Amino acid sequence: MNDYAQNIKSSQVVLVEFFATWCPHCQKMMPVMAEIREKLEDKIGIFQYDIDKYEQLSDDNKIETVPTFIVYSRGKEVWRRSGEVDMEVILNKLRDAADGL
């Protein structure tokens with residue numbers, strides 16, 4: 001099993017972000033991701049992948065726009081959104097996936 005497959009099953013709920021260092025929208029989302037990590041790191045898995053370093057993984061996950069956020073619940077994708085996303089939207093999706101978190 002590859003690392004990604006293990007990571008998305010590492011916790012009941014997992015948040016994945018695909019980003020690029022050159023992307024201004026990704027840069028705007030970095031503080032949001034940092035705050036989510038600070039709030040929930042002990043409750044969920046959080047993984048960030050640079051599409052330039054993980055090209056095959058990005059292709060495998062059909063990443064066409066960055067940033068792209070994916071929420072997994074018990075290893076299954078339950079939500080996906082690309083572009084800048086309000087932190088509350090992400091937190092609500094994580095809570096939904098975790099039955100309240």
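**Entry 1: the cover of helix 2.** I looked up what covers the buried residues of helix 2 and found that the cover includes strand 1 (13-19), strand 2 (45-50), strand 3 and helix 4 (87-97). Contact means heavy atoms within 4.5 Å; buried means under 20% relative accessible area, with a 1.4 Å probe and protein chains only. Helices (H or I, at least four residues) and strands (E, at least two) are DSSP runs, numbered from the N terminus. The buried residues of helix 2 are Cys 26, Met 29, Val 32, Met 33, Ile 36 and Leu 40.

**Entry 2: the source.** The model is predicted: local features need pLDDT of at least 70 and side-chain atom pairs pLDDT 80 or more, whereas totals for chains, interfaces and linings use all residues. Residues are numbered from 1 along each chain as its sequence is written, and side-chain values use heavy atoms, without hydrogens and water.

**Entry 3: the kink.** I noted a kink of about 35 degrees at Met 30 in helix 2, shortly before the proline Pro 31. The bend is the angle between axes fitted to the seven residues ending at a residue and the seven starting there.

Entry 4: I traced an open sheet of four strands in the order 2-1-3-4, with mixed pairing. Strand 2 and strand 4 (76-82) are at the edges with a single partner strand each, so one side of each has no neighbour in the sheet. Two strands pair if DSSP finds at least two bridges between them. Strand 1 and strand 2 run parallel and are joined by six bridges.

**Entry 5: Asn 61.** I found Asn 61 in the loop between helix 3 (55-60) and strand 3 (68-73). Asn 61 is buried, at a relative accessible area of 12%.

Conventions. Buried < 20%, exposed > 50% of the residue type's maximum accessible area, 1.4 Å probe, protein only.
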